[in-house]
Amino acid sequence: MTDLEGVDEPAFAALADRHRRELHVHCYRMLGSFEDAEDAVQETFLRAWRRRETFAGRSTFRAWLYKIATNACLDLLAKRRPEPATGGEVRWLQPYPDRLLDELPAHDGDEPEALAVARETIELAYVVAVQHLAPRARAALILRDVLGWPARDVADLLGDSVNSVNSALQRARAGMREHLPAERQEWTGAEDDADNRELVRRFTEASVATDIDTITTLLRDDVRFAMPPTQGLVVGRDAVLASWTDDGYPQMTGFRPVPTAVNRQPAVAYYLWNDTEAAYLPLTLDVLRISGGQVTEVTIFDADQFPRLGLPERLEAGDE
């Protein structure tokens, strides 16, 4: 395709829609919010249609859309979040369902390194770390290290020199090292990791039973806990357990867990028995990061995330 001359709006929409999921994931990495990423993709398609005459075939249609999407994210960040995240927590963070990540096209699908990059750069710890970077440095990092764009193409997109892009990339990588977990190479295992699955099972059972003693043995001593959009990051086993105790968790009963997965991490959707409804109603989504045979991070999201994950609105008493 060298230009879009003569392409009507329905045909253009069909061409662009082939790239919707990967553009959405790209915007999600940039923004940390599923909903903001949806806004950015819609804006991308609108801009692309209005500016279709600017596509002259010098790059692929896909790369052209990525350029528009990146600029849409930068504009959104300038408007909604002029300052990056601070302090290790991101209040606007939202999870990304694995069932939607499964829709991604396999451009480099059979390459183990590409698969590892795709997994590691969608996990919550990576997305949180990215939110601490200045927007343009963030774009440079994602375009270069995740998408593998040449520095010259990134410089063209950002309107900078190659030297400026390389300098920004060095600063971004240093910032990522500051905010990423130290055990980067021991992130959540693959789906066939039996040890991890067993750990998640034990943690889930202990959580349903509010068995604090068992939970204590499963948490690493420097475990991190966050609950977006609640402000604050809690670090350390004792501090995390104290936080849960103060919130009344040990006295709660009537949980029903449903296993799921987001951001290529194990997650558990918890429902709580409601006498009035005579059913289990959505409570929280707990996302786990595991390394070294222990739970290293727990991120808890509100039940408003359940519909996006395709989870039921309620569980009846007899549901198993």
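**Fold, cores and selected residues of a predicted protein model**

Proline 135 touches Met30, Leu74 and Leu77, leaving aside residues up to four places away in sequence; contact here means heavy atoms within 4.5 Å. The model is predicted, so local features need pLDDT of at least 70 and side-chain atom pairs count only at pLDDT 80 or more, whereas totals for chains, interfaces and linings use all residues. Residues are numbered from 1 along each chain as its sequence is written, and side-chain values use heavy atoms, with hydrogens and water left out.

Proline 135 belongs to helix α8, which covers residues 135–146. Its relative accessibility is 22%, and it counts as partly exposed. Buried means under 20% relative accessible area, exposed means over 50%, and partly exposed lies in between (1.4 Å probe, protein chains only). Proline 135 and leucine 77 are 58 residues apart along the chain. Their C-alpha atoms are separated by 7.1 Å.

The overall fold was examined next. The protein has 13 helices and seven strands. Its radius of gyration is 21 Å, close to the 20 Å that the globule rule gives for 320 residues, so the protein is as compact as a globular protein of that length. The radius is taken over C-alpha atoms, and the rule is 2.2 Å times the number of residues to the power 0.38. Helices (H or I, at least four residues) and strands (E, at least two) are DSSP runs, numbered from the N terminus. Along the principal axes, the C-alpha atoms fill a box of roughly 65 × 40 × 40 Å.

Of the 320 residues, 48% count as buried. Among contacts between residues at least 6 apart in sequence, 67% join residues at least 24 apart. The accessible surface comes to about 15,700 Å². Carbon and sulfur atoms account for 47% of that surface. These areas come from the Shrake-Rupley method with a 1.4 Å probe; for residues, only the protein chains shown count as cover. The protein carries 36 positive and 54 negative charges, and their mean positions are 7 Å apart. Lys and Arg count as positive and Asp and Glu as negative, while His and the chain ends are not counted. Each charge is placed at NZ of Lys, CZ of Arg, CG of Asp or CD of Glu.

Nonpolar cores were then identified. A core is a set of buried Ala, Val, Leu, Ile, Met, Phe, Trp, Tyr and Cys residues joined through side-chain atoms within 4.5 Å. The largest core has 72 residues. Phe61, Trp64 and Leu285 touch the most other members. Helix α4 (residues 61–80) gives the most to this core, with ten residues. Apart from this core lies another, of 21 residues, including Val200, Ala206, Val223 and Leu241. Tryptophan 64 touches Leu4, Phe12, Ala48, Arg51, Arg52, Thr54, Phe55 and Ser59, not counting residues up to four places away in sequence.

Several residues in the helical and loop segments were located. Glutamate 53 is found in the loop between α3 (34–50) and α4. This glutamate is exposed, with a relative accessible area of 59%. Asparagine 166 sits in helix α10 (residues 162–179). At a relative accessible area of 29%, asparagine 166 is partly exposed. Asparagine 166 and arginine 237 are 71 residues apart along the chain, and their C-alpha atoms are separated by 39 Å.

Backbone features were found in loops between strands. A cis peptide bond joins proline 228 and proline 229, with omega about 5 degrees. Proline 229 lies in the loop between β1 (219–226) and β2 (233–235). Arginine 264 has phi near 55 degrees, a positive value in a residue other than glycine. This arginine lies in the loop between β3 (255–262) and β4 (265–274). Arginine 264 is buried, with a relative accessible area of 18%. Alanine 278 occupies the loop between β4 and β5 (279–291). Its relative accessible area is 40%, and alanine 278 is partly exposed.

Threonine 296 lies in strand β6 (residues 294–302). This threonine is buried, with a relative accessible area of 1%. Threonine 296 and glutamate 9 are 287 residues apart in sequence and 48 Å apart in space, C-alpha to C-alpha.
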